[in-house]
Amino acid sequence: MKRKLKVFLAEDNQSDVYLVKEALSLAGLACELAWEQNGEAAVKTLAKISHQDDVPDVVLIDLNLPKISGLDVLGIMRAQLLFANVPVVVLTSSDSPRDRAAVAERGAHYFRKPSDIHDFVRLGQIIKDLPSVADLIG
Amino acid sequence: LSTSPDAARTVLIWATVGRDAELTKDILGEENIEATTCPDAECVCTIIRRGPIGLLLAAEEVFTDLALKLVREVLLPRPSWSDLPILLITRASAPTRLSLTLLEQLQQMGSVTLLERPIRKVTLKMAVHAGLASRKRQYETRDFIAQLSQANTDLQQFAFAASHDLQEPLRMVYSYSQLLIERHIDPGNEPARQFGEVIKAGVRRMESLLQDLLTYSRVVHENTRERWARSSLETLAKEAVQLFQTELDAHHGTIHIGALPYAFCNPTQISAVFQNLISNAIKYAQPEQPPVIQIGMEDLQTEVVVWVRDNGIGFDPAYSERIFQLFQRLHNDNEIAGTGLGLSICRRIIERHGGRIWADSQPGKGSSFFFTLPKAPE
């Protein structure tokens, strides 16, 4: 890998943050993880980014975030040129067809958080398999 | 719900002769009954459009064809709770025949009482009192229905939200029990590992209960008319059977599906009913006997009775009603796994389709489940 993978995570549940880190590390991904606990903070942090070099390689967003929902954070991102093509994985514990459709419509991947940790860590592989990440890893 | 039950208490007096109308208004005034007078249909329509009225008091001769047509337009269609009292003053001695169509049309607009001239004052007063009391009760019923339906909606949303939001913390319990067991318990510590497995099994069971509760609470709001279609019950049954083919083969089971008609229904939900019944037929098979399942129907005039019959362990017919109730089971989870919600979901689905579902069985002699659905027009 040429450099560490820049991952931005918007997740209010600390226990899930731990599981996400586990998933990334078990997939052998060396990461630089930035984390915000609510939608508003996530939007503010992303808004501070002005240069292409600072744009995260992958953005992970929980669907059910406090203040601004994950879907809205995603929408706000997609409206900005800088984040229009960043790979995004939306994490959620629900399995609603409506959410799935809304996430797909905004060009993001959908990951239903499973209760079995062996299934949860597959998230790492999903990230690893994203074309832009695969390029980066080389 | 803008009007309170007390608001609809005005009597609308419709008479072509102004003096008659005023006289009637004075008589009602003696009883403290509010009244408004109208000389023609336009006036009547304007007042009815402005707000609810308690009773319509009209002389027979006001109903020309045009007048009747105009009034119909404001009074029809009426909500199901509403039954406007209409007092029709007729002339018994006059040669005019009360037109049947007039009476029929008035009856569509409300409940008609005939008063023949000459009318005693007290007769008029009592008839108006009775009509207004009935009208007040109608508005009270309307409010009661609205309250009940609001409470029902709240309850449904509560069940949905509760079962949905409980899933999240439960997932944490599972994931972290797993982390604890796999990473922090010494492999040699057998009791600790076993306790951990009990925790995991408990969480798994609760997850399936919540999943079924969610399905149960979704039956109502996912059964909108837009999702109904003319559907082949035979295709739905066959598709449902396919989902269990592996399981059936493993038990050397067979399913025979007879000819089934079309029904107008929510196909996803009726498929879920078939899946539940087939799954039960396999689950409650005799231990040493391959399951034999038959699906067929009886074609009645307006509805179809579909049955799913098996050669399984059956049950005491005393429990044939209980098994459809929420969380009611006849076996514990160690014997045969289940949440006790499958048949409750089936019942809710069938009842939402205007049908009925019931069961018939004898211990050791298999079970038959029946449900009815309205037939789709050809």
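In which helix of chain A is A:Lys128 found?

Modeller: Happy to take you through it, and please keep in mind that this is a predicted model. A:Lys128 sits in helix 6 of chain A, the helix that covers residues 122-128.

Now to its surroundings. If we set aside the neighbours within four places in sequence, A:Lys128 is in contact with A:Ala27, A:Leu29, A:Val133, A:Ala134 and A:Ile137. There is also a pairing across the sequence to look at: A:Leu24 and A:Lys128 are 104 residues apart along the chain, yet their C-alpha atoms are 8.7 Å apart in space. For the chain as a whole, 69% of the contacts with a separation of 6 or more are between residues 24 or more positions apart.

Chain A has seven helices and five strands, and their order along the sequence is β-α-β-α-β-α-β-α-β-α-α-α. The C-alpha trace spans about 40 × 35 × 25 Å along its principal axes. Chain A has a radius of gyration of 14 Å, which agrees with the value near 14 Å for a compact globule because that is what the rule gives for 138 residues. Of those 138 residues, 50% are buried. The accessible surface of chain A is about 6,800 Å², and carbon and sulfur atoms hold 50% of that area. As for charge, chain A carries 16 positive and 19 negative side chains, with the centres of the two sets 2 Å apart.

The side chain of A:Asn38 reaches the backbone nitrogen of A:Ala41 at 2.7 Å. Beyond its neighbours within four places in sequence, A:Asn38 is in contact with A:Leu65, A:Pro66 and A:Lys67.

While you have the model open, chain B has some backbone details to check. A cis peptide bond links B:Leu76 to B:Pro77, with omega at about -10°, and B:Pro77 lies in the loop between helix 3 (65-75) and strand 4 (84-91) of chain B. Another cis bond runs from B:Arg117 to B:Pro118, where omega is near -5°. B:Pro118 has its place in the loop between strand 5 (110-117) and helix 5 (121-184).

Positive phi values turn up in chain B too. B:Asn32 is not a glycine, but its phi is positive at about 60°; this residue belongs to the loop between helix 1 (18-29) and strand 2 (35-38). B:Asn32 counts as exposed because its relative accessibility is 74%. B:Phe327, also a residue other than glycine, has a positive phi near 65° and is found in the loop between strand 10 (303-310) and helix 10 (342-352) of chain B. At 41% relative accessibility, B:Phe327 counts as partly exposed.

Key
Residues numbered from 1 in each chain as written. Chains lettered and ligands numbered in written order. Predicted model: local features only at pLDDT ≥ 70, side-chain atom pairs only at ≥ 80, totals over all residues. Heavy atoms only, no water. Polar contact = N/O pair within 3.5 Å; in protein donor to acceptor, adjacent residues only side chain to side chain. Contact = heavy atoms within 4.5 Å. Helix = DSSP H or I, 4+ residues; strand = E, 2+ residues; numbered from the N terminus. Rg over C-alpha atoms; globule rule 2.2 N^0.38 Å. Buried < 20%, exposed > 50% of the residue type's maximum accessible area, 1.4 Å probe, protein only. Areas by Shrake-Rupley, 256 points an atom, 1.4 Å probe, with all protein chains shown as cover. Lys, Arg positive; Asp, Glu negative; His and termini not counted. Charge placed at Lys NZ, Arg CZ, Asp CG, Glu CD.
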